[in-house]
Amino acid sequence: MGVSGQAWLILVVLVLGTTCEAQLSSTFYDNTCPKALSAIRKVIRKAVSKERRMAASLIRLHFHDCFVHGCDASILLDDSSAFESEKTARPNENSVRGYNVIDQAKAKVEKICPGVVSCADILAVAARDASFSVGGPSWTVKLGRRDSTAAYKDIANNDLPSFRDSLEVLISRFNTKGLSPRDMVALSGSHTIGQAQCFTFRDRIYNNSNGDIDAGFAATRQQTCPLASSPTNDEKLAPLELVTPNSFDNKYFKNLIHKKGLLPSDQVLFSGGSTDNIVLEYSKKSATFKSDFASAMIKMGDIQPLVGSAGIVRRICSAI
């Protein structure tokens, strides 16, 4: 008996559904550019040793790329006649940074093997190397992504999480990208090495009407974040985790339990909701947090990559 039309259809769907995953491989550049990963690693280590904060910035840069139309380096593109850059989207403008470090890594790799390694893959590798450089986990990065030929500012404005988001909204945003609440909480743990601008947490430290912030913590933060809004005051920085802001550890979760989350979107992770138990677990088990963070980063790196003949390999990350 021949294979039915329905069976053929199922077979085709299965093949197409696994094509993307099959074309991402940790050995993708082993033959075409074997020195690429070591070249990227040197650039990242140098940048982080110069400015510890850069580690968090590079992780966040990869995150903001993947959440907008997939991990395709669209966030790196400047304005053109065909599209507006994602760099000027509300969640990114004067906030996301590290573009110059990615440009430096790309320039190094281009000297070794021109036109081979994509900007999207450099972003993924840079995030892994940044984590490891500050005591965070490492993981095997799957490679083979290609670069977008457009930017998606409107999607960036709509899809990226906000510091004002409720727990329900955050869970929904991550679920849309195929990430679970546990993935979300683990990824949020990277805030242990991050910093935030005053305007993102001013309301939280001055308007404690619901009692969800430690009074002493709020008073400490008020010392460097004035109540009066101005361009200078709004941009004043504070570490998201006050105790060990330069180390990738689980202090962030311990702070949440004591109502010392800096951003509203941090504290909602431990506020009587469905993610409380995950925060409690990570606060007690640092190894579990780091393992879950690595797994979530790998999972995030799989969001809608361009593979095969889709997209291009940009020679300069900021332009097509």
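**View 1. Two domains, with centres 22 Å apart over C-alpha atoms**. The centres belong to domain 1 and domain 2. Domain 1 runs over 35-160 and domain 2 over 167-300. These bounds come from an automatic or database domain assignment. Across the pair, 25 residues of domain 1 are in contact with 19 residues of domain 2. Contact means heavy atoms within 4.5 Å. This is a predicted model, in which local features need pLDDT of at least 70 and side-chain atom pairs count only at pLDDT 80 or more, while totals for chains, interfaces and linings use all residues. Residues are numbered from 1 along each chain as its sequence is written, and side-chain values use heavy atoms, with hydrogens and water left out.

**View 2. The largest pocket, with about 1200 Å³ of space**. Of its 47 lining residues, R60, H64, P91, S95 and P161 are the closest to the centre. Both domain 1 (35-160) and domain 2 (167-300) give residues to the lining, so the largest pocket lies between them. A pocket is found on a 1 Å grid over the protein atoms alone: an open set of points where a 1.4 Å probe fits, with protein on both sides within 12 Å along at least five of seven lines. Lining residues have an atom within 4 Å of a point. Grid points are joined across faces, edges and corners, and the volume is the space filled by probe spheres set on the points.

**View 3. The lining of the largest pocket, by element and class**. Elements that give two or more residues include α3 (54-66), α7 (167-176), β1 (195-197) and α15 (286-300). The largest share, 6 residues, comes from α3. Helices (H or I, at least four residues) and strands (E, at least two) are DSSP runs, numbered from the N terminus. By class, the lining has 22 nonpolar, 15 polar and 10 charged residues. Ala, Val, Leu, Ile, Met, Phe, Trp, Tyr, Cys and Pro count as nonpolar; Asp, Glu, Lys and Arg count as charged; the others, Gly among them, count as polar.

**View 4. P161, in the loop between α6 (153-159) and α7**. P161 is buried, with a relative accessible area of 19%. Buried means under 20%, exposed over 50%, and partly exposed in between, with a 1.4 Å probe and protein chains only. Leaving aside neighbours within four places in sequence, P161 is in contact with F63, F67, L170, R173 and F174. In an unreviewed UniProt entry, the annotation "binding site" covers P161. Such annotations may be inferred rather than shown by experiment; UniProt positions are given in the numbering used here, and feature names are shortened.

**View 5. The second largest pocket, with a volume of about 250 Å³**. Its lining has 14 residues, and T200, D203, R204, N207 and P264 are the closest to its centre. Helix α9 gives the most to this lining, with 6 residues. By class, the second largest pocket is lined by 4 nonpolar, 5 polar and 5 charged residues.

**View 6. Q23, in helix α1 (residues 5-23)**. Q23 counts as partly exposed, at 32% relative accessibility. Not counting residues up to four places away in sequence, Q23 touches F28, L143, G144, V307 and G308. Q23 and S190 are 167 residues apart in sequence and 28 Å apart in space, C-alpha to C-alpha.

**View 7. S38, in helix α2 (residues 36-50)**. S38 counts as partly exposed, at 26% relative accessibility. In sequence, S38 and V109 are 71 residues apart; in space they are 9.5 Å apart, C-alpha to C-alpha.
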